[in-house]
Structures are given as structure tokens and as C-alpha cells.
Amino acid sequence: MARRKPAPGAADRGLFASAHRADRPLADRMRPQSLDEVVGQDHLLGPGKLLSQIAASGRLHSLILWGPPGVGKTTIANLLAQKSSYHFVAISAVMAGIADLRAVVAEARVLQSTEGKRTALLVDEIHRWNRAQQDGFLPHVESGLVTLFGATTENPSFELIAPLLSRARVVVLHALSEDHIAALLKRALTDAERGLGSMKIDIEESALAELARLAAGDARRALNTMEIAASLAAASGGAVVLPDHVREAAQRKTLLYDRAGEEHYNVISAFIKSMRGSDPDAAIYWMMRMIEAGEDPLFIARRMVIFASEDVSNADPRALQIALAVKEAVEFVGLPEGAIALAQGVTYLASSPKSNASFKAMNQAREDAVALGALPVPMHLRNAPTPLMKQMGYGADYRYPHDYDDAAVEQQYLPDRLIGKKYYYPSNRGYEARIRELRELRARGSALKQAQTKERKS
């Protein structure tokens, strides 16, 4: 039989075959060769666990492997296919498109008809495929021609279409702990065939702990950083990797924060909730997480302006002024100095008294406005710019508040259907407590006047 041409974009079929080549990064060389070598996913692998049962059955199911970078999504997909004797194809959603998918499907048909062999396709970063690309894959998953392994770091609920999710099982992989990372690093140091064992190099415990911490749960990052650190140690004539070697190799770790992905929403959520919970320490930490990861500082400032009205509001009317001043300062100064203004604003907002009374009033008023439609404006509240409108009663009997004591007068301001309806209930915190007190005083004064009027009439 003539040799099949590889599908375009489906390059990494020999993921394990070339794993021992010394010119490959350490993380590639140290990929687990069996499911038993996978660490950190004990909830999925082991006696009676889901993925082990699937591997033992020999019949694969379409899976969405969701987890942070460097936890073994690609490796597990490959090992499952290998264990079940499936033809394995891996493509990247960043590089591949519909044409690549068609080539994989065509090859799968040939393999099925000529050799009875089934195909498993790993789509790495599947969240980057648009709706049309995901739709294009549905019939082949539905028919069973291709078993899909979708690897993603993003929440599938947000990134994948519902029909695809209904045809695949979502499997959540966990970030690796520092102990898991340390175990993998020790394995690589002692493995003479695939790892660094031939270098006869050791690592200080403090350097190992530093590497495990900097990895942030990512085995790939840890192994590749250690490979550089080991080279630095060897180049300096040493046989031990020291913390200085690790720091030089790591330079500056990239914070986990994808401005377009789920972690973006997780971090901004933590930022807002820390301010709402009056914790300036946590709030400024999350702010700096965003700044150091490259977030647009004006995005942070805009969220602060919203927060000032939604969560502080009239409990401290200055909060909105300060948030707007921060926004102007960031625009004017830029980074890095603009972060100083952000820090001032964040600590002020987090420390301010809180009230969402105006926000709740807005939402309740919106409900009535939508549900009840265009209720007529009371006649005395209408303007009367023409004689005809005056003749029709527009503006009749309107009482001008400034003509009365305290510039307050009782009259109907809501539509007839909403008379007596209350939306705004000031809290007893900050300046809003004063607003509440004034409203209560006015209400008592109004009640007294009504009682006196009633008494005179009787």
C-alpha cells in the first residue's frame, strides 16, 4: 500500500516516537510513556477512575480536556489513543482550519474502510475555533468516524458550542501542586535516557522549591526552566543547581492571566469582590496581578468608576469623584506611574462605607418601566409652553418647591399607578445615613401636616 500523506497541520503524530531525541526540550522528552507515569490527576486516573476505565475498555469517547497549561492534556489524549490502538492525529486550532479538518476526516475514512482502524483527533486550544469550524466537525463526531479530544485552558461553557458539548464529555484536569512538580523534576534529574541523568547534576532543596513555586502548576514550564538552570550550573563548573541558577533561568515568570480568557474574568471578579468586601489588601493584590500581566490600566479604572456608583454610591459621594480622578490620572500619566493613582483609588474604594441602595433602586424602577410601559405623566408635572397646553391643564396646580420651607413640598411625582411606590431605601452607612435621616424627618413632617390639616377640617 502506498504511504499516506500526512494531513496538513496534523504534524505531531510521532509525539512519543521522537521523545528521546536530545535536541527536543526536556519537557517533551519527559512526557509520560504510560498513564501510570501521569501525576496530579488522581481523580481521573487509577483503579476505577474515569480515564483508566476508558483506557481499559479499548473504546474511546469524545472528551473535552479542560485544565490549566502544562498538566498533561495532550499527553493523556495521546496515551488513551495509544492504549486503545486508535490512529492518533494532533492539530492546533491556532494553525489549522477547515481544510486541515477535511484532510483528517478523509484519512479517517480511508483507515476505517481499508484497515478497520479508528481515528482519534486531538484539537489543541479548541476554544480558538470559531462557531463555523466547530459546526463543521459535528457530523464526524456524531457518526463516530472521528473521536474528538479537545484540549482547552478556557471554560468550555463559554467557548464551545452547545451541540459539540452535548456530544463530548468535559473532563476537568487540576493544576499540579508544588509536590507534584518537585516529583517530576526529581524524575527528570535521575533519568539518564530521557532526562538530565547523564549530566550527573543535583539540585539544592531550596532551588527545587523555588522551581516548583515558579512553575505555578505547569510541568512544562518547570522542566524547561530546570533544563536551562542545569545548563547554567554546568557552565559555571558546578554540579548543583542553586537558587540563583533557577532565578536566572526563570527571569520573570509569566502570571497566569489571559486578557481574553476565563482567568481574565476570574481575576477581575476577585478584584471587585475584594473591594466590595472592604479588603484593601486583597484588592490591591488583584490589581497588581492585572497590571503585571499587562492588563490595560484604563480597564481597571473603568471598573473602579462602575464600582464607585454601584457599591459605594451615596454612602460616600466622593468615591465617584475619586474614581473619575484616578481614570484621568491614568490617562494623563500612563504606566508605570499611573499604577500609583490606581492604588490610591483602590484602597479608598475598598475602605469606603458601602451601599448598593441606588443600584437596587435603579433595577426595581427598570422592572416597572419595562413591565408597565409608558405610564402617563401627571398633568401638574407637564410643561405648558403653549396657550393651548395651559388651557388643557398642563402644569396646573404644580407647586414650586423653592416657594416652601426647606424647598420641600408634598405633591404627586409618580404616575397614578405607582403612587406610594418606594425604590430608594438609603442605608444607615456613611453619608447615606444622613440622607436616610433627612427623608425620615421629611416623612414625619409631612405626616404631621396631613394630620393637622385633617384636624382643622374636622
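**Ground rules**

I am working with a predicted model, in which local features need pLDDT of at least 70 and side-chain atom pairs count only at pLDDT 80 or more, while totals for chains, interfaces and linings use all residues. Residues are numbered from 1 along each chain as its sequence is written, and side-chain values use heavy atoms, with hydrogens and water left out.

**Entry 1: the second largest pocket**

I looked up the second largest pocket and noted a volume of about 710 Å³. On a 1 Å grid over the protein atoms alone, a pocket is an open set of points, where a 1.4 Å probe fits, with protein on both sides within 12 Å along at least five of seven lines; the points are joined across faces, edges and corners, and the volume is the space filled by probe spheres set on them. The lining of this pocket has 34 residues, and Arg31, Gly72, Thr74, Thr75 and Arg220 lie nearest its centre; a lining residue has an atom within 4 Å of a point. Among the elements that give two or more residues to the lining are helix H1 (26-29), helix H3 (73-83), strand E2 (87-92) and helix H10 (219-235). Helices (H or I, at least four residues) and strands (E, at least two) are DSSP runs, numbered from the N terminus. H10 gives the largest share of the lining, four residues. I sorted the lining residues by class and wrote down 17 nonpolar, eight polar and nine charged, where Ala, Val, Leu, Ile, Met, Phe, Trp, Tyr, Cys and Pro count as nonpolar, Asp, Glu, Lys and Arg as charged, and the others, Gly among them, as polar.

**Entry 2: H9 and H10**

I then turned to helix H9 (residues 205-215), which packs with H10 at an angle of about 140 degrees, the axes being 8 Å apart. Axes are lines fitted to C-alpha atoms, for helices over the stretch in contact, and angles run from 0 to 180 degrees between N-to-C directions. H9 is therefore oblique to H10, as angles under 35 degrees count as roughly parallel, over 145 as roughly antiparallel, 65 to 115 as roughly perpendicular and the rest as oblique. From H9, Leu211, Leu214 and Ala215 make the contact, and from H10, Arg221, Ala222, Thr225 and Met226 do; contact means heavy atoms within 4.5 Å. By class, this contact of H9 with H10 has five nonpolar, one polar and one charged residues.

**Entry 3: H16 and its partners**

For helix H14 (residues 297-312) and helix H16 (residues 338-351), I noted axes that come within 11 Å and cross at roughly 20 degrees, which makes H14 roughly parallel to H16. The residues of this contact divide into ten nonpolar, one polar and no charged.

The axes of helix H13 (residues 280-292) and H16 come within 9 Å and cross at roughly 150 degrees, so these two helices are roughly antiparallel to each other.

**Entry 4: two backbone details**

Which peptide bond did I find to be cis? The bond from leucine 335 to proline 336 is cis, with omega near 10 degrees, and proline 336 is found in the loop between helix H15 (318-333) and H16. Serine 85 has a positive phi of about 60 degrees although this residue is not a glycine, and I located serine 85 in the loop between H3 and E2.
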